[in-house]
Structure formats: structure tokens, C-alpha cells
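Work through the exercises below with the sequence and the model open. Each task is followed by a solution in steps.

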Amino acid sequence: MIMKMENRSLNEQPFGEPIKIRLPFFHPDIECIQEPQHSNLSHPYHESLITFIEEDTYQRICAHAESDMRNEVGGALLGKYCKDNETDQCFNMIFDVFPAKPEVNENFSAPALMRFTHTFFIMLDEYLEEVNRKDPEIIRLGMYHSHPGYTVFMSSTDIETFRTIFFEPWHISLIIDPINSDAGVFFWHYTDQGSMEIGKKTGFTLFKSNISKNVQSKIK
Ligand SMILES: [Zn+2]
């Protein structure tokens, strides 16, 4: 599976070439909504990467997490890795998700054990290829998964998955606890020694766009 993902990363933008647009806070066609009221947020934002999630897409993530209050569920986060063209702030804009479906991934869900299968990644790549025909700037920005009832943190399994598959600076892990109504985002930080470590739980901002979803590439 790891080999597969390395091949697939060729579809993604090379490091250091985020899309240059204005930060949603300042973009005239994007309306930012306050971040959801989640508990225990150690850092509302981190200066190295800010996460914006389209409101409808976040509703889909919540509905997926709430569809199974016993087992973990999850999927891929799709959108654009961007850089503010005035302040150089890097940020992700999540427009779409690709949920892992239990009926085609029967070993996917289990309490406190979430593994994305090989089949899931093949299906994800097929979906992304289709999406990229309309908008080549959409990439995998990371994954989301639920922790029903046991709070938002990166488990040892989560860290291992993230380390082996999601090692790019734009990759995030969104974890949602539908029972405690909590959610948070995790991503890589560079330490002063130059090594990478997963940062503390951070928040995210929901947004609405006046621009139709099918022409996301026109948000510039
Ligand atoms: Zn987890």
C-alpha cells in the first residue's frame, strides 16, 4: 500500500507550489464562519497551516461520523493547498470528501481501530482522477476519521498511518468525536532540530463560497 501511495503522489503538486490566492478571511467571494465550538482546543490555529472546510463538506463529515456511534469511520479530505498571495500564509481549503464505504470495505470499521484498505485507496485514486479532469488543482489533503466517545487525539495507529502515507506539509488528519461533539486537526510541524513531529490539536474554520462548487478552480 505504501508503494502505491508513493506512485500516486506523482499526481499531486510538487512541494513548494501551493496555489496563490487570498486567504479566505480576506477573499471577497468567500464567507468565513466561526469555527465550531469544540472543547479542549489547545491551539485555535497554528501559524504554519490553517484549515478551512466548506460548510456542506463538514456537514457530510459529521453525518458520516454520526452514522456509526460504535465503530470508527473515515475517508479522504480533498481540496486545495494554497498560499496567501500577500502574507504567504499557507492554508488548506477542503471542498470535498471521499468516504470509505463499509459495504465495499468490510474490514474497514472497528471500534478503536481504523485502517484504510488498499481497495479504498484504489477507489480514491479513481475518484480523484475523475475530479481532476474538471479541476486539476484538487489534491488529497489528508484523511478524516471518527473516535466515537473516546476524545480527539492521534492514537499510535493514527500516527503510524500518518507517518507512512501522509508526510507532506499540506497533509492533515481531522479527527471527530460524534459523541462528545468534538473535532480537531493535526499536522506536521518542524522542530528547531529540523525533524518532523505531529503538532497539537488545532481548530479549523468553516466557510461558504458564493462561487458554485463545480467551478472551484475559479476561486483565485
Ligand atoms: Zn484514530
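A residue is buried if 20 or more other C-beta atoms lie within 10 Å of its own, exposed if 12 or fewer, and partly exposed in between, with C-beta atoms placed from the backbone. Helices (H or I, at least four residues) and strands (E, at least two) are DSSP runs, numbered from the N terminus. The model is predicted: local features need pLDDT of at least 70 and side-chain atom pairs count only at pLDDT 80 or more, while totals for chains, interfaces and linings use all residues. Residue numbers start from 1 along each chain as its sequence is written.

**Exercise 1. State how many helices and strands the chain has, and their order.**

Step 1. There are 4 helices and 10 strands in the chain.
Step 2. Read from the N terminus, the order is α-β-β-β-α-β-β-α-β-α-β-β-β-β.
Step 3. Of the chain's 220 residues, 34% are buried.

**Exercise 2. Explain why strand S4 is described as largely enclosed, and find its partners.**

Step 1. Two strands pair if DSSP finds at least two bridges between them. Strand S1 (residues 19-21) runs parallel to S4, with 3 bridges; here Lys-20 has Lys-83 as its bridge partner.
Step 2. Strand S5 (residues 90-99) is antiparallel to S4, with 9 bridges, and Lys-80 stands opposite Met-93.
Step 3. Strand S6 (residues 139-146) is also joined to S4 in the antiparallel sense, over 6 bridges; Gly-74 faces His-145 in this pair.
Step 4. The hairpin of S4 and S5 has 5 residues between the strands, and Asp-88 takes a positive phi near 70 degrees there.

**Exercise 3. Find which side of helix H3 is buried and what it packs against.**

Step 1. The buried residues of H3 (residues 118-134) are Phe-120, Leu-124 and Leu-128. They cover an arc of only 65 degrees around the axis (the arc of the directions from the helix axis to the C-beta atoms), which puts them on the same side of H3.
Step 2. An α-helix has 3.6 residues a turn, so residues three or four places apart point the same way.
Step 3. These buried residues of H3 pack against S4, S5 and S6.
Step 4. On the face turned away from the buried side, H3 carries the exposed residues His-118, Glu-126, Glu-129, Glu-130 and Arg-133.

**Exercise 4. Name the residues that touch the most other members of the largest nonpolar core.**

Step 1. A nonpolar core is a set of buried Ala, Val, Leu, Ile, Met, Phe, Trp, Tyr and Cys residues joined through C-beta atoms within 7 Å.
Step 2. In the largest such core, with 42 residues, they are Phe-52, Leu-77, Leu-78, Ile-94, Leu-141 and Leu-174.
Step 3. Leaving out residues up to four places away in sequence, Leu-77 touches residues including Ile-94, Leu-141 and Leu-174; contact requires C-beta atoms, placed from the backbone, within 7 Å.

Methods. Contact = placed C-beta atoms within 7 Å. Expected span 1.5 Å × (residues − 1).
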